[in-house]
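Please look over the sequence and the structure before reading on.

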Amino acid sequence: MIIVIDGPAGAGKSTTAKEIARRAGLDYVDSGAMYRGFTYLYLKHGKDRSRLAGLLDDHGLRFEFHSTEARVFHGEMEITSDIRSDIVNSHVSEVAAMEEVRNAVRLLLRDASANGNAVLEGRDLGTVVFPDADYKFFLTADPEARARRRYDERIRKGEQVSLQQVRENVDTRDRIDSSRDIAPLKKADDAVEIESTSLTFEEQVTRILQHIRSTPTETQPNNSDQLKQ
Ligand code: CDP
């Protein structure tokens, strides 16, 4: 079963996707971590797009997706926290708009879900990367709620950041991600939209699971059997 969850920054895609993956016994894949990994390389190589093009063939990045976090390695070095730094936050949308980067991530996503059993989260998964996914969701919430959630998350991790700084980054990324020419952030016509501003995490997860259970597809006739309560 392939389930995709798209939506803007801070909508709760990661936590939701991990929980769905856990309950359905599927792999969890974070496409944003891949764009962040390439952004890390781009910054490391002096923001030189011509050098990035070479690195895409032999990038040396490795992604490990766990139920608690997405771990990223560059060669032997773990860069899991580096890909969430302010500098990566401020450049990731610019790098994610580059066609060669999108092509590289699309291949990585195909590999990561080759067994046909995954929950993947991103921006263009339902529209471009997995147009035939079994289930598509578009998770959203108002910008203030999304910035607040992301701020709380970073404060919990012990980071020094202001709500205004987080809100500005969320707004800027939303704007660039939604307006770029290639694979913009957009709800797929056949995706189920979940507006989560006033939903609890559990309610959000329950809505997704209920939709899956009540919508068997040709390829997933026994979908309920796979979903633990
Ligand atoms: O966690 P958050 O939603 O804030 O961001 P993320 O999923 O880690 O994605 C970081 C950035 O990668 C986004 O702002 C997009 O610019 C880009 N991205 C994308 O273009 N397409 C995807 N499928 C996933 C992420």
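How are α2 and α3 oriented to each other? The structure is a predicted model.

## Packing of α2 and α3

Two packed helices are described by the angle between their axes and the distance between the axes. Helix α2 covers residues 31-44 and helix α3 covers residues 49-57. Their axes are 9 Å apart, and the angle of packing is about 130°. Angles of 65 to 115 degrees count as roughly perpendicular and those over 145 as roughly antiparallel; α2 and α3 are therefore oblique to each other. The crossing of α2 with α3 is right-handed.

On the α2 side, the residues that meet α3 are F38, L41 and Y42. On the α3 side, they are R49, L52, L55 and L56. Sorted by class, this contact has 6 nonpolar residues, 1 charged residue and no polar ones.

## R146 in helix α7

Helix α7 runs over residues 143-156, and R146 lies in this helix. Residues under 20% relative accessible area count as buried, so R146, at 4% relative accessibility, is buried.

The side chain of R146 reaches the backbone oxygen of A9 at 2.7 Å. Leaving aside residues up to four places away in sequence, R146 touches P8, A9, G10, A11, A141, V170 and D174.

## E144 in helix α7

E144 also has its place in helix α7. Is E144 buried or exposed? With a relative accessible area of 58%, E144 is exposed.

E144 and T197 are 53 residues apart along the chain. Their C-alpha atoms are separated by 9.2 Å.

Notes:
Residues numbered from 1 in each chain as written. Predicted model: local features only at pLDDT ≥ 70, side-chain atom pairs only at ≥ 80, totals over all residues. Heavy atoms only, no water. Axes fitted to C-alpha atoms, helices over the stretch in contact; angles between N-to-C directions. Helix = DSSP H or I, 4+ residues; strand = E, 2+ residues; numbered from the N terminus. Parallel < 35°, antiparallel > 145°, perpendicular 65-115°, else oblique. Left-handed = near helix turned anticlockwise from the far one by under 90°. Contact = heavy atoms within 4.5 Å. Nonpolar A, V, L, I, M, F, W, Y, C, P; charged D, E, K, R; others polar. Buried < 20%, exposed > 50% of the residue type's maximum accessible area, 1.4 Å probe, protein only. Polar contact = N/O pair within 3.5 Å; in protein donor to acceptor, adjacent residues only side chain to side chain.
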